[in-house]
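Have the viewer open while you read.

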Amino acid sequence: MALEDICRFKDRHHKWFPFSSLEDTDTSLYMMDYFNLRWRGLRTSEKNSAIPLDFFTPPSANSASFCLPNHSTTVRRPFPLSHGTTTLGFIFQGGVIAAADTRASAGGLVACPAVHKITPIHSHLVVTSSGSGADCMLWERILTREIRLYQLRHRRRLSIRGTAKLLSFMLHPFKGTEVCVALTLCGWDKEAGDCAKDLEDSYFMSDESSSADVTRITDSTSPKSGPKLIYVCSDGARLQGDIFSVGSGSPYAYGVLDGGLKWSLSKDEAISLAREAVFRATHRDAYSGNNVDLFHITAQGWSQRKREDLKEEYYRDMEKRSKDRRGKIKRE
Amino acid sequence: QLSETKMLSAQGFGDPGKMKDYHYTGPVEHKFSPYAFNGGTVLAVAGEDFAIVASDTRLSEGYSIHSRDSPKCYKLTDTTVIGCSGFHGDCLTLTKIIDARLKMYKHSNNKTMTSGAIAAMLSTILYGRRFFPYYVYNIIGGLDEEGKGAVYSFDPVGSYQRDTYKAGGSASAMLQPLLDNQIGFKNMEGVEQVPLTQDKAVQLVKDVFISAAERDVYTGDALRVCIITKEGINEQTIPLRKD
C-alpha cells in the first residue's frame, strides 16, 4: 500500500475505484471529500489523498446542503457492531506495559472471543484499540501506512507524539459521525533533539487546513526520548499521560491500577499488576472477557507475552478464596 | 425529523433480521428501508490442507420463501470461496465488485490474488461503506500460500480475523457454540485434541446444518458444500428439511 503511493500508482487506478464507477453514475451524486470537507465530483481524481479510502454517503433529503452525516439523516443499520472492551497502559521504570482483553461483543452476542486488540505499528510502537472493532482495525491500518510513508519520505521514524498528532488530525473530519475509535499509543521514542521536534511540527502546520479543534499538549517538561503513552480518540481528544485505561471495563481496571501502581515496580510485578487489572475488569464487566494480551515495550522494542486464558485464573482465584474461607472457619 | 417521532414497531431496526410482529401496536409510520433480511446461514472450516465452505440454499423474506435453490457460496479463485448471507441484493453487488477487483488485480499484477489478499481487500471495500454499510455477513474460506486451510470472517463494516472455523448468518448464534465444542474442544475437560480430517469435517458440517434447519426457520431446503483442496474445488449438494 505504502510503496504504491510513493510511485503514484494509485492515482491511475482511482477512477476504477468500485463505488465511483459501479454505483449510481448520476452526475448529481457527489462524494463527500472528508479530508477537505467539500463535495467533489466522482470523476476527479485526488492527488496523494491523505485518507486513502473514499467514503460513500447515502443520499439524504438535504444533500444539497453541505453537512456531515448525522443521526437524523443516516440510514439506520439493522445490525449491531462490535464494541465493549477493557484495555490499559501504564509507564513504569522498566518501560511501558500495554494489556487488553480479547472479547468482541456485538449487541448481546460474543462476536469473537479471540480478537487482537493490541497491534504493533512498528518495532517501538504498539496501539491498543477500543470502540468499534471495524473502525479500530481500519484506522490502525491507515496509521501504519502513513507512518511507513513518513519513514520512507523523511528517512527517519516519526515520534510517538507526532504519530498521535497525525492520527488525531486524520480522525478530525469524522468528528460527530458514528466512527468510534479510542486508541492508546504505547511506545518508546528513540532519539532526542530539538531539530526533530521542529521538523514534525512544521510538517503538520503546512498540511492541515482546519486546525481549530486541535488539542494542545502543554507538557513541555517531558523528555523527548523514552517511554510514551498517548490516548487519541475520535472525539478529538489527544492526551499524554502515565496511566490510561479505556473501555467499558476501565473503571474496574483503574481501581486495581491506582491501588498498586508505583514507578519502582519490577518488570514481573508490573506484568502481574496489569494481568490482575484486566482479570478483575473482565470479571465484573459483561462486555470484557476471555483472554488477556500483554505487551511490554522497552528501548529494545516490544515483546509480547503469550496470550493467557482467564478461565484458569478465575478457578485459581476461587480455589484461593475457598481455602481462605476454610482457614477462617477453622480459626473460629 | 419525522423519522424520530414515528413509533418503531418490532419491524424496526433494533431487531436484526427477525420477523415483523403481525399484531396491532398502534399507528406506525413506515419509512422506506433500503435493507431487507433474506436469511441463510454460512459456515467455513479450515483444516490442515483443506478448507470447507458450506451454506444453505433457502432465500426468504418475512414469512415467504423466494427460492429453494439460491446457494450463498461464490467461487472467487481456484483456491478461494466466499460465503455471503444477509441482504441478497448487497450479496450480489458485493460479489460482482470482488470479481471485478480480482480481474483488475490479475491484469495489472499477472497473478491471482491469494486468500489473505482477498480478505484484506474485502475489508477496505466494506469499510468504504462505513456510513451506509453492505448488510452482508461474509466468510472467506480457502488455502493460504503454504497450502494450509484458512478461514477469514468479517463483520458488515469490514473488521476481520483469521479463524479456524466460523458460522455466520441467521443460525450463527446456534452453530458457533457447537463448532466451538466439536472443533475447538472448548468447554470440555480431559479430552484428547485430535486434528480434524477432511471426511470428519464434511460429516460434521452436514450434521451441524441438519441441526440448524431443525431450529432456525430461515435455514433449510438444501445444503451446498464446497471443499477446497489443492486439487481444486469440489461441490456437493445435500437435501435438508423443506418446511
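1. Where does B:Asp90 lie in chain B? It lies in helix α2 of chain B, residues 88-109. Helices here are DSSP runs of H or I with at least four residues, strands are runs of E with at least two, and both are numbered from the N terminus.

2. Before going on, some housekeeping: this is a predicted model, where local features need pLDDT of at least 70, side-chain atom pairs count only at pLDDT 80 or more, and totals for chains, interfaces and linings use all residues. Residues are numbered from 1 along each chain as its sequence is written, chains are lettered from A and ligands numbered from 1 in the order in which they are written, and side-chain values use heavy atoms, with hydrogens and water left out.

3. Back to B:Asp90: this residue is buried yet has no salt bridge, and the nearest side chain of opposite charge, B:Arg129, is 4.9 Å away. A salt bridge would need a side-chain nitrogen of Lys or Arg within 4 Å of a carboxyl oxygen of Asp or Glu. Buried means under 20% relative accessible area, exposed over 50%, and partly exposed in between (1.4 Å probe, protein chains only). Leaving aside residues up to four places away in sequence, B:Asp90 touches B:Tyr35, B:Pro133, B:Tyr134, B:Tyr135 and B:Val136, with contact meaning heavy atoms within 4.5 Å.

4. Over in chain A, look at strand β14 (residues 291-298): 8 of its 8 residues are buried. In a regular strand the side chains alternate between the two faces of the sheet. Both faces of β14(A) are covered, with A:Phe295 among the buried residues on one side and A:His296 among those on the other.

5. What does β14(A) pair with? Strand β5 of chain A (residues 95-101) runs antiparallel to β14(A), joined by 6 bridges, and A:Ile97 stands opposite A:His296. Strand β15 of chain A (residues 301-309) is also antiparallel to β14(A), with 7 bridges, and there A:Phe295 faces A:Gln304. A hairpin of 2 residues links β14(A) to β15(A). Pairing requires at least two DSSP bridges between the strands.

6. A:Ala106 has A:Leu109 as its bridge partner. Between the strands sit 2 residues, and A:Gly107 takes a positive phi near 70 degrees.

7. Last, A:Gly176 is in the loop between α5 (160-171) and β10 (181-189) of chain A. A:Gly176 counts as exposed because its relative accessibility is 62%.

Terms used
Lys and Arg count as positive and Asp and Glu as negative; His and the chain ends are not counted.
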